[in-house]
Amino acid sequence: MVGRPPSLSDSRGDELQQRLQNWQTARTWARLIREAEALWHVDVRALHRLAAQELAQLVQEVPPPLRSRVNRWLERFKVHTRLR
């Protein structure tokens, strides 16, 4: 069986891997942009409700030992939310 020299097949594999990674990255950015554009058509009240639900979920998921450290970051980021 005649095959390619290892260096050729390795470089071809690396090239394909790089192309796949570039494709996935471009697709991910495009999807994020599409989602952001879709938000322009969303009712602001619905967005606020969704944000409140997400925030409530996140606040409950922060482990108690990390809450004081998270609160310090929240202060630095100048957000209104604080963990109890």
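Does Arg12 count as buried, partly exposed or exposed, and at what relative accessibility? At 35% relative accessibility, Arg12 counts as partly exposed, where buried stands for under 20% relative accessible area, exposed for over 50% and partly exposed for the range in between, computed with a 1.4 Å probe on protein chains only.

The structure is a predicted model, in which local features require pLDDT of at least 70 and side-chain atom pairs are counted only at pLDDT 80 or more, whereas totals for chains, interfaces and linings use all residues. Residues are numbered from 1 along each chain as its sequence is written, and side-chain values rest on heavy atoms, with hydrogens and water left out.

The protein chain contains three helices and zero strands, and its elements follow the order α-α-α from the N terminus on; helices (H or I, at least four residues) and strands (E, at least two) are taken as DSSP runs and numbered from the N terminus. Of the 84 residues in the protein chain, 5% are buried.

Two salt bridges were found in a search of the whole structure, a salt bridge being defined as a side-chain nitrogen of Lys or Arg within 4 Å of a carboxyl oxygen of Asp or Glu. Side chains of opposite charge can pair when their charged atoms come close. One of the salt bridges joins the side chains of Arg12 and Glu15, at 3.6 Å from N to O. Because Arg12 and Glu15 are three residues apart in helix α1 (residues 6-39), about one helical turn separates them. Glu15 is partly exposed, its relative accessible area being 39%. A salt bridge also links the side chains of Asp43 and Arg45, with an N to O distance of 3.1 Å. In this pair, Asp43 is partly exposed at 36% relative accessibility, whereas Arg45 is exposed, with a relative accessible area of 60%.

Asn71 lies in helix α3 (residues 67-76) and, at 13% relative accessibility, counts as buried. When residues up to four places away in sequence are not counted, Asn71 touches Arg82 and Leu83, contact meaning heavy atoms within 4.5 Å. Although Asn71 and Arg82 are eleven residues apart in sequence, the distance in space from C-alpha to C-alpha is 5.8 Å.
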